[in-house]
Amino acid sequence: GNASPGSTIKFHLVDPSHPGAPYFLAFAFGTSPGLILPDGRVIPLNYDDLLLLSLNNPASIGLSNNIGYLNNNGYANVTLTIPNNSAFVGQTFYAGFITVNNPATQVLGISPAVNVTILP
C-alpha cells in the first residue's frame, strides 16, 4: 500500500494454522533472493540494514508490537508510524512476518511480503 510521512499503518497478521505462536514482523528494502531456510523455504525479505533495524531497534523507525504472540485465533496487529520527514518520500520497503515454535527453533509459517511506498 501507500503511506505518507506522519501517517500510521496497521498490519493485521493472520496465521490461523498456528494460534498462540510467537511471531516476528520485519521490513526490508528488497525481497529477492530473500532468506533461504535449510529446508528450502524462503522468507521473502532480504538481509539488509532495514531488516536488522526493524528487528533490533523497531521503535527507532516507529514500529511497535512487531514481536509477540498471535492470539488464540492466530491474529495480531502491528503498528508503524511513518516518521514525519520528507526524506522518506519515494521510498519503498517490504513487510513480512513469520511464526515460529516456542522456543523459536523452527519456522512454522511465512507470510508473503507486502510493499509500502511513502508518498507525499
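The model is predicted, so local features need pLDDT of at least 70, side-chain atom pairs count only at pLDDT 80 or more, and totals for chains, interfaces and linings use all residues. Residues are numbered from 1 along each chain as its sequence is written, and side-chain values use heavy atoms, with hydrogens and water left out.

Start with the core. A nonpolar core is a set of buried Ala, Val, Leu, Ile, Met, Phe, Trp, Tyr and Cys residues joined through side-chain atoms within 4.5 Å. Buried means under 20% relative accessible area; exposed means over 50%, and partly exposed lies in between (1.4 Å probe, protein chains only). The largest core here has 20 residues. Those with the most contacts inside it are Phe11, Leu13, Leu25, Phe27, Leu80 and Phe93. Five strands each supply at least two of its residues: strand 2 (8-14), strand 3 (22-28), strand 8 (75-81), strand 9 (92-100) and strand 11. Strands (E, at least two residues) and helices (H or I, at least four) are DSSP runs, numbered from the N terminus. A second, separate core has 5 residues, including Leu37, Ile43, Ile98 and Val107.

Now look at Leu13. Contact means heavy atoms within 4.5 Å. Leaving aside neighbours within four places in sequence, Leu13 is in contact with several residues, among them Tyr23, Leu25, Leu70 and Phe97.

Next come the aromatic rings. Rings of Phe, Tyr and Trp (its six-membered ring) pair if their centres lie within 6.5 Å; planes under 30 degrees apart count as stacked, over 60 as edge-to-face and the rest as tilted. The structure holds 2 aromatic pairs. In one of them, the centres of the Phe11 and Phe27 rings are 5.8 Å apart and the planes stand at 50°, so this pair is tilted. Phe11 belongs to strand 2 and Phe27 to strand 3, so the pair ties together parts that are 16 residues apart in sequence. Both residues are buried. Ring pairs link Phe11, Phe27 and Phe93 into a cluster.

Ser54 lies in helix 1 (residues 49-56). Ser54 is buried, because its relative accessible area is 0%. A polar contact is a pair of N or O atoms within 3.5 Å; within protein, one must be able to donate a hydrogen and the other to accept it, and residues adjacent in sequence count only if both atoms are side-chain atoms. The Ser54 side chain reaches the backbone nitrogen of Phe27 at 3.0 Å. That side chain also reaches the backbone oxygen of Leu51 at 2.9 Å.

Move on to strand 11 (residues 114-118), where Thr117 sits. Thr117 is buried, since its relative accessible area is 16%. Its side chain makes a polar contact of 2.9 Å with that of Thr92. Beyond four places in sequence, Thr117 is in contact with Gly1, Asn2, Ala3, Gln91 and Thr92.

Finish in the loops. Most residues other than glycine have a negative phi, and most peptide bonds are trans. A cis peptide bond joins Ser32 and Pro33, with omega about 20°. Pro33 lies in the loop between strand 3 and strand 4 (35-36). Asn65 has a positive phi, near 65°. Asn65 is found in the loop between strand 6 (63-64) and strand 7 (67-69). With a relative accessible area of 44%, Asn65 is partly exposed.
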